[in-house]
Amino acid sequence: MRKSDVPEPSDTPARPLTILLGCDTFAPDVNGAARFAERLAAGLVERGHTVHVIAPSRTIFKTGEWDELHEGVRLRMHRLFSLRWYPHPWLRYMMPWTIRRNTARILDEVKPDAVHFQSHFVVGRGLSVTAPERGIRVIATNHTMPQNMIEHTQVPRFLQPLLVKWAWWDEGKILKRADAVTTPTRRAADYLEDATGIRGVHAIGNGVRVDDYTPRWDGRGNRIVFVGRLTNEKRLEVLFRAVAQLPASLDWQLEIVGDGEQRHHLDRLAQQLGIAERVVFPGLVSDEELKAAYTRADVLAMPSTAELQSIVTMEAMSSGLPVVAADAMALPHLVHDGENGYLFRPDDIEDLAAKLERLLTLPDAEFTGMKRASLRLIQAHDIERTLTTFECLYRGEPVVDPVTEYDSDEEDSGHVAEGR
């Protein structure tokens, strides 16, 4: 369906809403789901809505209700008692056996117009029962794939396929209780529908504030940047072995922004490959430092094969960066091969090295054209469209899924659907 054939969500002023977000991970956690929830909450408050957030406590000693500053606005937080999930480097979990009681108490106190949970693990499981019991509209967003969580369970490899199958069944059971289900891209929505049997999943991008990022037009180097958690699912070993194949004459540098359990392994790998002097590990950085890292870079490398959208790629595109990314999951929706970067065969070290070398050796005019293409393509993912779409879902109004892919002639592939 062409963009001109479907109505845009209404801009008519409406009564401000009270929204309760349920999050199993939230800032200061550093991951896509936490980042999305924080931006969504802040954006809704800026539009005049009241937002409450249920999230895990940061320590076992401080729980309760208070205001926190996020993205420049104050959010009302309900931090529930949580413990560290020690197979994972930072994840905390709330107590499953108390979640219904806690969500019921918070719902009765807040009396929200709509509930929006960001995962089905604990808080979504509770809200999916207690909110419908009170006649409250429920929206569910899926940010995860069970396959990505397996490595943190310590389950023997021969049992992992059975665990994945059960996990998809369990996730589908929870999500089916919601009035509407969303996920960041059309490909992720199709995957979720196939895995769970749910129909009508909305593809709604996580959204990024494009104007918050600063492209660099003066000067050009060969600085490659990766941003994200340093975990196995990000396939960083593939990236390290690929850059080690780049010609020394390119005088390249690789900046790895983030932290995780693979940090020490990657340090050792850089030494073994003889590239340690070209690799920089700034670790976890502030928002301003992250934006500066994007601005000084020349290309983003994203070797991960399990991105449901990749906020990092969206931020890099907002900074005018061409991207070299794995041709997997949602990344082809953002990276259009030969237009704003290149796609490489997943886990193919030689192909990644070739695509990086091709991009870094492009003539200036073609390279600048790719930078401009990233800025043009990212406009469809601006957070304002995301906020408008979720407002419609919260009210039960028909919505147009924001653009998540383009055809070759750049027509909108979104579709109109009733909020279930």
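These notebook entries record what I looked up in the structure above.

**Entry 1: Ground rules**

I noted that this is a predicted model, in which local features need pLDDT of at least 70 and side-chain atom pairs count only at pLDDT 80 or more, while totals for chains, interfaces and linings use all residues. Residues are numbered from 1 along each chain as its sequence is written, and side-chain values use heavy atoms, with hydrogens and water left out.

**Entry 2: The whole chain**

I looked up the secondary structure and found 14 helices and 18 strands in the protein chain. Helices (H or I, at least four residues) and strands (E, at least two) are DSSP runs, numbered from the N terminus.

I then looked up the radius of gyration, which is taken over C-alpha atoms. The value is 21 Å, close to the 22 Å that the globule rule gives for 420 residues, so the chain is as compact as a globular protein of that length. The globule rule is 2.2 Å times the number of residues to the power 0.38. Along the principal axes, the C-alpha atoms fill a box of roughly 65 × 50 × 40 Å.

Of the 420 residues, 59% are buried. Buried means under 20% relative accessible area, exposed means over 50%, and partly exposed lies in between (1.4 Å probe, protein chains only). The accessible surface comes to about 17,500 Å², and 51% of this surface belongs to carbon and sulfur atoms. Such areas come from the Shrake-Rupley method with a 1.4 Å probe; for residues, only the protein chains shown count as cover.

I also looked up contacts (heavy atoms within 4.5 Å). Among contacts between residues at least 6 apart in sequence, 68% join residues at least 24 apart.

**Entry 3: Salt bridges**

How many salt bridges does the structure hold? I found 36 of them, each being a side-chain nitrogen of Lys or Arg within 4 Å of a carboxyl oxygen of Asp or Glu.

I looked up the bridge between glutamate 68 and arginine 79, whose closest N and O atoms are 3.1 Å apart. Glutamate 68 belongs to strand S3 (residues 64-70) and arginine 79 to strand S4 (residues 73-80), so the pair ties together parts that are eleven residues apart in sequence. Glutamate 68 is buried at 15% relative accessible area, and arginine 79 is buried at 2%.

Next I looked up arginine 220 and aspartate 364, which form a salt bridge with their closest N and O atoms 2.7 Å apart. Arginine 220 lies in the loop between strand S10 (202-203) and strand S11 (223-227) and aspartate 364 in helix H13 (residues 364-378), so this bridge ties together parts 144 residues apart in sequence. Arginine 220 is partly exposed at 30%, whereas aspartate 364 is exposed at 53%.

Arginine 296 forms a salt bridge with glutamate 255, at 2.6 Å between the closest N and O atoms. The pair links helix H9 (residues 287-296), which holds arginine 296, to strand S12 (residues 253-257), which holds glutamate 255; the two residues are 41 apart. Arginine 296 is partly exposed at 36%, but glutamate 255 is buried at 2%.

I also noted one network, in which salt bridges that share partners join Arg35, Glu38, Arg39, Glu71, Asp287 and Glu315.

**Entry 4: Aromatic rings**

I found six aromatic pairs in the whole structure. Rings of Phe, Tyr and Trp (its six-membered ring) pair if their centres lie within 6.5 Å; planes under 30 degrees apart count as stacked, over 60 as edge-to-face and the rest as tilted.

The ring centres of tryptophan 85 and tyrosine 93 are 5.9 Å apart and the planes stand at 85°, so this pair is edge-to-face. Tryptophan 85 is partly exposed at 36%, and tyrosine 93 is partly exposed at 26%.

Phenylalanine 240 and phenylalanine 281 form a tilted pair, with 6.2 Å between centres and 35° between planes. Phenylalanine 240 is buried at 0%, and phenylalanine 281 is buried at 16%.

The charged end of arginine 372 sits over the ring of tryptophan 217, 4.6 Å from its centre. A charge sits over a ring if NZ of Lys or CZ of Arg is within 6 Å of the ring centre and within 35 degrees of the ring normal.

**Entry 5: Backbone**

Most residues other than glycine have a negative phi, and most peptide bonds are trans. I found a cis peptide bond between alanine 27 and proline 28, with omega about 15°. Arginine 235 has a positive phi of about 60°.
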